Structure formats: structure tokens, C-alpha cells
Amino acid sequence: MSRVIARNEWQRLFAQPLAWTLLAATLAVLAYFFLLTLQGFLGLMPKLAGMPSPPGVTDLVALPLARAIASIALIVAPLLGMRAIAGERQSGTLTLLQTSGTSAAGIVFGKFVALCGFFVVLIVLALAMPASLAIGTHLDWGRIATGALGLILFAAALSAIAIAASSFTRHAVVAAIVALSINLVLWMLDAGARHEGVSSSFINYLALPTHLEPFLGGIVASVDVVYFVLIVVVALTVAARRLDTERERG
Amino acid sequence: MSPAPILQLQGATRRLAGRTIVDGVTFSLDRGCVLGLLGVNGAGKSTTLRMIAGLLAPSAGRVLFDGRELAEEPALARRLGYLPETPPLYAELRVDEYLAFCARLRGMRAADARRAVDHVIERCGLTEVRRRLCGNLSKGFAQRVGIAQAIVHDPDLIVLDEPASGLDPVQAASIRKLVSELGRDRAVILSTHLLHDVTACCARVAILHAGRLRHDGALAELTGAQGADLETLFFRIASADDAQAAA
């Protein structure tokens, strides 16, 4: 039944202005950022020509854009996912799902799939901008592909966190604030450690950027994939547990 | 047809925040019967229905659906239709989209769901609003879509929480007619505080007061032999505790 719920969530997401507005605003900001970095790259070109193995357009335009997508996703995921469960609780439609014989895990997973679908669209559209440069220059497609994969896993983790936050409240704004806080903590967790030059401790392992950067560098390591999958599993389990206990708590 | 009654409550009790809302309610219900759950506001009607729908676990006692517990076999819920106090509508979906989702959610195939939606739209008199957004419906239509949602998957047990609340007399009458029709081959349980709802469409009446079941019997025997009609009985039960409290 997760498929039916995911389809419904997707359909409702795009029947309302929120998803469209987020998509449009995000792409507008990213397009501006893309043009800025492209202009910077063109300005650097004469200098790069003198270097023995200069960084290419993939390093100087596509990867900064991918990092910008990641930063924006930190904010977009909480906004997009805040209503996933809280909104349904508020409007009374959660009872419809709960009395349909669908398990809490099924409900939560359906919503998760729908949110991930939104991010796949966002990431593909955003990366189409640097991809369009292929008309005039050589791109490192392998690194763009691993970067896209990393971003999708990253966005999946953020979506799961947003859903978990949403499952604890009936107020969407509260859910958004909680999810945003969690995202920012996970984003900056090891900033202090890195400042001190520590880069391989446990606290580095917990932070999101530690696991996103290798993908942008063209490396798909199982440890990074496992990290994102682990966040998704933990967050969705928490959300499903929360829905399950509703029968007891009332 | 299985021998067990479709719905059985055995001493179902529910406590919330230290207060006992429903206290040892026992009754059973078969197909082909409309049971009216009558009670004043706060008598525990909604909590009882939420337990039946599987939204609340009983603190003590059991709620059996077709002889089995809903919590142990969640798939049973597909044979149950539930209308909460406020109809659970998605404001941003069209009526037909919404009902199709409800049918699919209960495990119907796409083609079956389409047929079921057409059928239920006709049955609940929603033809003129089928392409309108749920959020733009009047109270009467919203309530009817809520009922349509509860019956679209052809359930064996239909649980309606105050289906006629907030409707004008004409709308209320059409809903009562619909409920009586549904009760011919299915089990229907509806809660209400309106005596007229019960006399118009229920074969059986159960009176709930302060969380306890105070009366359970056929409507016919109430108005017949005993001489005491429903209204007198209801007022006696509802005011007995007030008298006790005063004394």
C-alpha cells in the first residue's frame, strides 16, 4: 500500500502551491549561482591555461553547484516534509490511513518515497544546468553521476528526518523547525573537530558533509552509502514507532 | 457467513489521562442490523467507535472483529469503513480522485476502484460535485463524501460517528435513508445524540452514559410492550446521574 500512499502524496504535493514554489525558488537561486560560478570560471580561464593539469569545468562549476544544492536541501527538505504526517494529523486525514489496514511502516515509507521523488526531480533539473555545458566543453560525466547519486542519498536522509520530525506533532511549523535543527546539527557537527584538524574521528563520521564529499569527488564508498541508508532506516523507524504508539496514547 | 458476530465488544474499557472514558462496554452486532449508539455529549460514544475502528487500543477488555482482534490482523481493517466526527477529506483533491484513493488504499485494483467510485458517487448523490475539490464542498456534501469514503470498498462493518451532525433536515433525512439501506446486508453502527436519528434508521439502540452501557435492545420492544418510549428512557438514564450527584 506504500505505492498508493506515495502516489497520493505526490499528487497532493503538486496540487498545492508549496512544492511548486519551493521548486521554482530553489531552481532560480541555483540558476543564479550557476551563472555566477560560470562567469568566475570564464574569468579564470587564461590563468588555468598556464597550469600543467588545470581543474576543469566539472570541478569549478558543477561541483560548487552540487554543494549549493546540498545546502539548499537542508532547508527545502524540512519545508517540504513538515506536513507529511503533522498536516494529516491536523486535518484529521491520518485516521483514514490508520484505519485502512496499512501498517505504520507502510504509511511512513509511502510518504518517504514521494519526498524522494521530489528531490530526484529537483536534482536532475538543477544538474541539467552544468550538463548543458557539454555542448561546448568536455565534462567529467562519471563525477557528475556519482555527485547526483550522493545528492539523492543525501536528500533521502533529509527527507526521512523531516518525516520523523513530522510524526511527533500536529503543527507543521514545529516539525519544520525540529527537522531544520537536526539537519543543521548533522551538517555542522564536526566543524569544531575539523577546525582542530581532526578528520577521522567518530564525530566526523556522524556529520553529513563527511559522507557527501567523497561522492562529489567521484568516489562511491560503501561506508558513505551505509551512513545515509542508516539515517533513513533510523528516522523512518522512529516515525513508524511514533505512529504505532498512537493507539495506546490516544 | 461466519458464525461469529461481525463485531463483539467484551468489557471494552478505555482510560485516557487517568480518566475512564469507556467502562466495560459489552455488546455484539450482526450483519443486517443498524445499531444506534445514543448518548449525551461526552458519554464516550466517539471513544467507543475509535476503539472499534482500531484507532485506540482498549485499556482492558477486547474488541473482536469477526472473532479476531484487529490489532493482530491489521488486514481485517479493509473490511471496515469508518467515518470520524470530521470527515477525513483531502481539501486539495477532487471528490472522484479522493474516493479512488480511498478504494485503492483498502487494496482494490485500479479497475475495481473506478467502478466502485462510480457506484458510490451515484449512491451517495455526489454526481454533481464529483469533479469539485473536497475543500470547496458544503458541509452537507463533505459529510456525504465522508460516508462515501467509508462504504466505497464495500465493507462488512460500517462505523459512523454522528453522520448527520450539522446537516439541515433535508440532508439529514437523505443520510438516514442511506444508512437504513446500508444496514440491509451489512452491520452498521452509528453514534448520535439525536433521538430522531435512532428512530428513523436503527433497528437496535444502545444507550451509553458516563462510559457505561445502560441499555441495549431492539427499538421495537422499547416502544411496544414496556410502554416507555425511547425519549423517556434516554432522559431517565441521562438525568439519573445528575440526580445522584445532587443528592
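Two strands count as paired if DSSP finds at least two bridges between them. Helices (H or I, at least four residues) and strands (E, at least two) are themselves DSSP runs, numbered from the N terminus.

A few ground rules come next. This is a predicted model, in which local features need pLDDT of at least 70 and side-chain atom pairs count only at pLDDT 80 or more, while totals for chains, interfaces and linings use all residues. Residues are numbered from 1 along each chain as its sequence is written, chains are lettered from A and ligands numbered from 1 in the order in which they are written, and side-chain values use heavy atoms, with hydrogens and water left out.

Back to the sheet of chain B. Four strands make up an open sheet in the order β2-β1-β4-β5, with antiparallel pairing. The edges belong to β2 (19-29) and β5 (68-69) of chain B, each with a single partner strand, so one side of each has no neighbour in the sheet. β1(B) pairs with β4(B) (residues 60-65) in the antiparallel sense over five bridges. Along this pairing, Gln10(B) has Arg62(B) of β4(B) as its bridge partner, and Leu9(B) sits opposite Val63(B) in β4(B).

On its other pairing, β1(B) meets β2(B), again antiparallel, over seven bridges. These two strands form a hairpin with two residues between them, and Ala17(B) in the turn shows a positive phi of about 50°. Leu16(B) stands opposite Arg19(B) in β2(B). The antiparallel pairing of β4(B) with β5(B) runs over two bridges, and Phe65(B) has Arg68(B) in β5(B) as its bridge partner.

Now for the meeting of the two chains. Contact (heavy atoms within 4.5 Å) involves 28 residues of chain B and 25 residues of chain A. The size of an interface is often given as the accessible area lost when the parts come together. Buried area is that accessible area (1.4 Å probe), lost by two parts on being put together and summed over both. Between chain B and chain A it is about 2,400 Å², with carbon and sulfur atoms giving 60%. In chain B, Tyr90(B), Glu92(B) and Leu105(B) lose the most area to chain A, together 26% of what that side buries.

Glu92(B) turns up again in the one salt bridge between the chains. A salt bridge here is a side-chain nitrogen of Lys or Arg within 4 Å of a carboxyl oxygen of Asp or Glu. The partner of Glu92(B) is Arg12(A), with the closest N and O atoms 2.9 Å apart. As for elements, β1 (7-16) and α2 (95-105) of chain B are those that give two or more residues to the side touching chain A. α2(B) gives the most, with six residues.
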